[in-house]
Amino acid sequence: MNATAPSRSGAPRPGTTPVGLGGPHPVLDVVIPVYNEETDLEPCIRRLRAHLAERAGYPYRITVADNASTDKTLAVAEELAREFPEVEVRHLDEKGRGRALQAVWSSSDAAVLAYMDVDLSTDLAALDPLVAPLLSGHSDVAIGSRLARGARVVRGPKREFISRCYNLILRGTLAARFSDAQCGFKAIRADVARALLPHVRDTGWFFDTELLVLAQRAGLRIHEVPVDWVDDPDSSVDLVATATADLKGIARVTRATFTGEIPVHRLREQLGREPIGVEAPGVSPSLVKQLVRFAAVGVASTVAYLLLFLLLRTMVGAQAANFTALLVTAIANTAVNRRVTFGVRGRAGAGRHQFEGLIVFGLGLALTSGSLALLNHTTHPGLVLETTVLVLANLAATVLRFLLLRGWVFNPRRTATEESS
């Protein structure tokens, strides 16, 4: 299914249609959450505005979200808003980065919502790669990553250690697949945000993590951009308090997922991108899926062989029953693996597949039988040794069978040639 696949209602799923770059509303709204940043705010806004004016080919807005600052931050922000029409100010009476982002993003009329830290630790060259996949509909959420391959980071060992430990905890507890939850450089499609934000409860630093976990479990695509990032030595973030709050947030999200408080299945049905089906000629499922399906077919074939052998044994004898049961299950095994494991459909090449499948089966049988014959010819094995050799030989025969089926019998290039002829 392609990226613009419709939902069950028939409408395109949120996040999958390209964003129009014209119209009266901003395409991008970049939020700068601030608390007592009277010194850093003005150079940040001027630098960011200059970058967007030069690089953005669409309308944009910069929103300063003042988190109940007690210094001159609000006055500086309002002065910048008077000077630049692209700059707006939102004042909140309570602190919290998550609270500020929730407030601004929920009411913004822009198609893509982003935020970055006021210290601009992340090089602004990463802003275009961050936003582009959201504008095209390729991705739903985009994050800057200091831990992705290609990122260049300058920071002390303490922060590096804490960051890596935190993301390792996320992977172990919440099965997070994204590499960097806390980099202050993120963007999200507004149509996706409208569905996710009502379920994000954190108002502080854990807001990012909670949003990303929810997006992942809803089946959304999270795009990662390796960034150039320089640590701000004057950062006022309380690492101990932040880490404690994050651990509490992990416990809360874990509990909410198990209790159903977070409606993951409904969000996945509403927002999730459909899995890619294997319909194209010559394209087979991934190796992991093939191995799982091959094993399942093998178990079913073994059960069928035993039942057929027991049924025929009383009628035609053990040798004939064994040969017949093996032949029938080998043919059935090849047919099922052809369709289920390797994704080959239609009658093209079916005869060749069965013939070569029997050859593969014969090679496996020769390997197991030959191993036992060689063992008994060279020594007088006991039951334990004989069983061990048989198990190992069968394991080797199974691996050989899978490799030959995948690389020879159902090779995608051969299958594609047959289907196109």
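**Close-up 1. Helices H5 and H7 are oblique to each other, because their axes cross at roughly 40°.** Oblique here is what remains once angles under 35 degrees (roughly parallel), over 145 (roughly antiparallel) and 65 to 115 (roughly perpendicular) are taken out. This is a predicted model, where local features need pLDDT of at least 70, side-chain atom pairs count only at pLDDT 80 or more, and totals for chains, interfaces and linings use all residues. Residues are numbered from 1 along each chain as its sequence is written, and side-chain values use heavy atoms, with hydrogens and water left out. H5 covers residues 157-174 and H7 residues 207-217, and their axes come within 13 Å. Axes are lines fitted to C-alpha atoms, for helices over the stretch in contact, with angles from 0 to 180 degrees between N-to-C directions. Helices (H or I, at least four residues) and strands (E, at least two) are DSSP runs, numbered from the N terminus. The crossing of H5 and H7 is right-handed, meaning the near helix is turned clockwise from the far one by less than a right angle. On the H5 side you'll find Tyr166, Leu170 and Leu174, meeting Thr209, Val213, Gln216 and Arg217 of H7; contact means heavy atoms within 4.5 Å. Sorted by class, that's four nonpolar, two polar and one charged residues. Ala, Val, Leu, Ile, Met, Phe, Trp, Tyr, Cys and Pro count as nonpolar, Asp, Glu, Lys and Arg as charged, and the others, Gly among them, as polar.

**Close-up 2. H7 also meets helix H3 (residues 97-107), with axes that come within 8 Å.** The two cross at roughly 55°, so H3 and H7 are oblique as well. H3 brings Arg97, Gly98, Leu101, Gln102 and Trp105 to the contact, while H7 brings Phe207, Asp208 and Leu211. The class tally reads four nonpolar, two polar and two charged residues.

**Close-up 3. Helices H1 (residues 41-55) and H2 (residues 73-83) pack with their axes 10 Å apart.** Their angle is about 25°, which makes H1 roughly parallel to H2. The crossing is right-handed here too. Leu41, Glu42, Ile45 and Arg46 of H1 touch Thr73, Val76, Ala77, Leu80 and Glu83 of H2. Five of these residues are nonpolar, one is polar and three are charged.

**Close-up 4. Seven strands form an open sheet with mixed pairing, in the order S3-S2-S1-S4-S7-S5-S8.** Strands S3 (87-92) and S8 (222-226) sit at the edges, each pairing on one side only; two strands pair if DSSP finds at least two bridges between them. Neighbouring strands are turned by 20° against each other on average, direction ignored. S1 (residues 28-34) and S2 (residues 60-67) run parallel and are joined by seven bridges, with Ile32 opposite Val64 in S2. H2 lies across S1, S2 and S3, at about 155° to S3.

**Close-up 5. Arg49 and Glu86 form a salt bridge, with their closest N and O atoms 3.2 Å apart.** Arg49 lies in H1 and Glu86 in the loop between H2 and S3, so the pair ties together parts 37 residues apart in sequence. The model's count comes to 22 salt bridges, each a side-chain nitrogen of Lys or Arg within 4 Å of a carboxyl oxygen of Asp or Glu.
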